[in-house]
Amino acid sequence: KALSYIQNERSGRLVPNRGCNTDSSSILINQCVSSLFLAGKDVTFVAKVDSSTLTRKPTMKWLKGKWLDLGSKAGKHLQFKESYDRNTKVQGFPCVFIYTYEMSIIKVVDGDAGGYRCEVTSKDKCDSCTFEVSVQGSLDLFSFNSSGDAGEDAGDLDFSALLKKRKQEGPKEEVDVWEILKAAKPCDYEKIAFEYGITDLRGMLKRLKAMKKVETKKSDAFLRKLDPAYSVDKGKKISLTVEVADPDAPIKWFKNGQEIKPSAKYVFESVGNKRTLTINKCSLSDDAAYECVVGEEKCFTEVFVKEPPVTITKLLDDVHTVVGEKVEFEVEVSEEGANVKWMKDGVELTRDTAGSKYRFKKDGKRHVLIINEATTDDIGMYYAFTNGGESKAELEVEEKELEVLQSIADLTVKSAEQAVFKCEVSDEKVTGKWFKDGVEVQASDRIKMTHIGRTHKLMIDDVKSSDAGDYTFVPDGYALSLSAKLNFLEIKIDYVPRQDPPKIHLDTSGTGNKNTIIVVAGNKLRFDVEITGEPAPTVCWMKGDNVVAEAEGRVRVETRKTLSSFVIEGAEKQDEGLYNITVTNPAGEDKASLIVKIVDVPNPPENVKCTSVGEDSATVTWDPPPYDGGVPIKGYLMERKKVGSARWTKLNFDVYESTTYEAKKMIEGVLYEMRVFAVNGIGISQPSSNSKPFMPIAPTGEPTRLTVDDVTDTTCALKWRPPEKIGAGGIDGYIIEYCKEGSDQWVQANEKLVDKTQYRVKDLPVGEKMLFRVIAVNIAGRSPPATLTQGVTIREIMENPKIRLPRNLRTKLITLVGEKVNLVIPFQGKPRPVVTWFKDGVLLEDKTVGTRTSEVDTILFIRSAERTHSGKYTLSVQIENVSDSADIFIQVVEKPGPPIAVTVTDVWGFNAALEWKPPKDDGNCDIIGYTIQKADRKTKEWFTVYEHNRRPSCTVSDLVMGNEYSFRVFSENICGLSDDAGISKNTAVITKTGNEIPAEQKDRSSSPKFTAPLVDRSVIAGYTAAISCAVRGYPKPKIIWMKNNMIIGEDPKFLMQNNQGVLTLNIRKPSLFDGGRYSCRAINDLGQDEVECKVEVRGTLSYIPFHIAPKQ
């Protein structure tokens, strides 16, 4: 049944152990014995298990000690292998199915010594065997070399006699011969050797002598040594403790031969005679051999770090496919980055051995084995193993088969007729050849071969007697052939044929109603009608007035001698109706009728909508499908989902018969959608269109602060605020109701919901005292009403006229020429006041200025503004002797004209002085600056020198010596630069050095003179403002800025600048206290000059930025 083996290191042979239990009910028949190995050698343990009696694959575990699982220690030192052979023959056990398990210890060390156990389990069966492993420095376990004192008599131990004797005697209790020899007297050695079948006495004595030499001596340095092995979970800590004889003796700890230094990872402790090494937060790198050294003595141990087992969370699925298809086996494990071993029929699949046949894919916890093109060689069981579980699946691969949908039939044709062989196969890509009597048929003018889709045809025109024979169609690539025979019929007999009237034998007994056939849409209908008559009657099928022809197509008639077949491929709704069959021959005719009814799944329901909602529910209605599929509707299935989600949730599993359904257990405030399926006896329809999104909500609270805003002799205007509690559904609108005081007959005032929070109720009885209430409405229904506590008497109320002038019209309105002006000015007053417009104190009669007045406001509009529209417009509203008026100032502006009289007044050094006069046309607004450009006579290209220059003069510097310059000036207002420029009448010639009068010979002294004064400003609080002026004088004058005749000095709120005589005072974020009179004084040795202006600081912005009215 099963064998266990130990590999001899010297001979390389697998030596079987037959000294253990051989009970046929055991899974492991032979058990490993305790053995001694040489240090540094490789050892392999092999266990073989017969699986012929097992219901599933056995599982093998190799353990050290009582519980240490060596499977997690696989690496360079410990290696495990597993294989399977269904035809393995083992001596004494022929024709058994063997699983082979191997454990190899590479280069055995002292730490490998100890007790081991191998356990094999399979469903409800379990077996195990235990064995001890001892390690020596220079001895071999089973063989001895011919060396040393033994001389020529040294040799291998002969176990053959012992094995034969044990096989004959049957199983005995296991004994250790070497323990008996060590305890016996030398005179008894020969007797013991004879008893246990040992023939090499010299080799036995040599080994016994060596074993006595390596007897463990009592340690002088250690009272208690380290245990042979320790085990710890990953991330935990472990303590290794020894007891030393000398408490003062120094001690060292080593890991894999490297000395360990104290750290947070490794902690040394010394308490009395105890010495402890603590390893914190153990990792896989701490899985190693450790030794403790005291003087010349050492003790060893090995620490095993266990990782948590990786389990399989998603098992493999069996796969059934055909040759050439791609196959994927997918498994999910509990940890990302875990190692998964793939096997096929017990053989491991790796990247090195798989080649291009297999691909391995890892995606997080997903592990996929991909077979690119499956073949029949890939059939078998596939396994996925982790250190904590396994899964298996079976792969079945079938050859692709070509299905014959219609075979070719024998034909009998007359001379000069056409013979057509036709067949149909399942794969439209398949080609083939036609053969006649084994010879390939070649196309000609008379013989044609076609391949359209899945249909192959051979057509022979003008049939001759030589065309008779066996015809065969052979598809390419398939061991398949379709054969038929062509018979040539030549009629030369003249006789009077027998005549029988035709007869239709119609059988519809199995179709329910008489002469009615019911077909499910999409299915194939083939109805065979037997026909008799002599000579053979002519058959005609008709649907209404249309003849069903005997031709290829979805609806066709196939006729044979005594049988007419009516065929519908893939029945459709349009095929439904009454069909008539008529058969005629010279002896008469016969007729029959046939009703074909096409049934199908119903159409989807229509008009799915939510009619009402509650806090966690909604009522949904729908219309039955327009077409029930020809079968009565049994009921409906409903599904819902959240808006934005792709997951539909079924609401009922049993058919629901009504067209109204209340969906429950929904979340308030979440949008849902519904769809409905119709069900009949054929199946389930497609889903209906999704309903409009709806939200389960409770009705809102009542509106608040309901008040009366206005009352006339027939109307009452109400105002209110939205409810305090609105909820997730919002408000769709409001309903206003009224009734007479003392009555409970409430009348709805509005036909449609009111969106605003105000409404005027009209057509009220004069003089009556009325009560009003307002109700909020949303998808959940009506809220509680908000009701006026006191009745309102319907009568006219007098109100004085008053104009509510918008804030932006309280200052001058500036707009561009050609722009639209549209002013809307509300007013109030009861009864409706009389509105009158004036311009500059005269009644407005300009036809280019229009006005329009309603009950609550008046509009003044100008379609295209002109400068003549500038002025003061006065609005007057009057009720009897009481009136109110408001003034509106409009200024229409445009770009200015060019400056005039541009002149070069002086040239010195590399500088030129320019002066000009303001433009004649300022565009109906103030000039805010000038732009100066220069051009030399050589290039005639213009370059800008100054922008926003406020004074009508400037000095142009940095001119090039030897050039002659012309200048031009553009004027600027709030609309922009002038279209044309003023060009200087003369030019500035910069003479070369030597030709000019030296600067020191010129007398340029002059007293200060302001060429541009300060201008009054009105600025907005919080926005930085600036005032500027220009001064000339030589020597350069001293500048003093003052506010209200007080020198400003070094106040950080003010920034003073002097740029070539242009003086600017910047006021950072002015407040109301920064208003006043500002002055600038210039002083030099020849005199002084002073200018001043008034600065007004306003609290708010009361005009349109840049003074430009917006487009209407």
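Two strands count as paired if DSSP finds at least two bridges between them. This is a predicted model, in which local features need pLDDT of at least 70 and side-chain atom pairs count only at pLDDT 80 or more, while totals for chains, interfaces and linings use all residues. Residues are numbered from 1 along each chain as its sequence is written, and side-chain values use heavy atoms, with hydrogens and water left out.

**A strand and its partner**

- Strands (E, at least two residues) and helices (H or I, at least four) are DSSP runs, numbered from the N terminus.
- Strand E30 covers residues 411-414, and E30 pairs with strand E37 (residues 482-489) in the parallel sense, over four bridges.
- In this pairing, threonine 412 stands opposite asparagine 487 of E37.
- E30 has two faces: Leu411 and Val413 make up the covered one, while Thr412 and Lys414 make up the uncovered one.

**Salt bridges**

- Side chains of opposite charge can pair when their charged atoms come close.
- A salt bridge here is a side-chain nitrogen of Lys or Arg within 4 Å of a carboxyl oxygen of Asp or Glu.
- The structure holds 36 salt bridges.
- A network of salt bridges links Lys524, Arg526, Asp528, Arg556, Glu558 and Glu569.

- For the next points, buried means under 20% relative accessible area, exposed over 50%, and partly exposed in between (1.4 Å probe, protein chains only).
- Lysine 344 forms a salt bridge with aspartate 345, and their closest N and O atoms are 3.6 Å apart.
- Lysine 344 is buried, at a relative accessible area of 15%, and aspartate 345 is partly exposed, at 25%.
- Aspartate 710 and arginine 760 meet through their side chains in a salt bridge of 2.8 Å, N to O. This pair links distant parts of the chain, with aspartate 710 in strand E53 (residues 704-711) and arginine 760 in strand E57 (residues 758-761), 50 residues apart.
- Aspartate 710 is buried, with a relative accessible area of 13%, whereas arginine 760 counts as partly exposed at 31%.
- Arginine 867 and aspartate 921 also meet in a salt bridge (3.2 Å, N to O). Here too the pair links distant parts of the chain, 54 residues apart: arginine 867 is in the loop between strands E68 (857-862) and E69 (871-879), and aspartate 921 in the loop between strands E72 (911-917) and E73 (929-936).
- Arginine 867 is partly exposed, at 30% relative accessible area, and aspartate 921 is partly exposed, at 31%.
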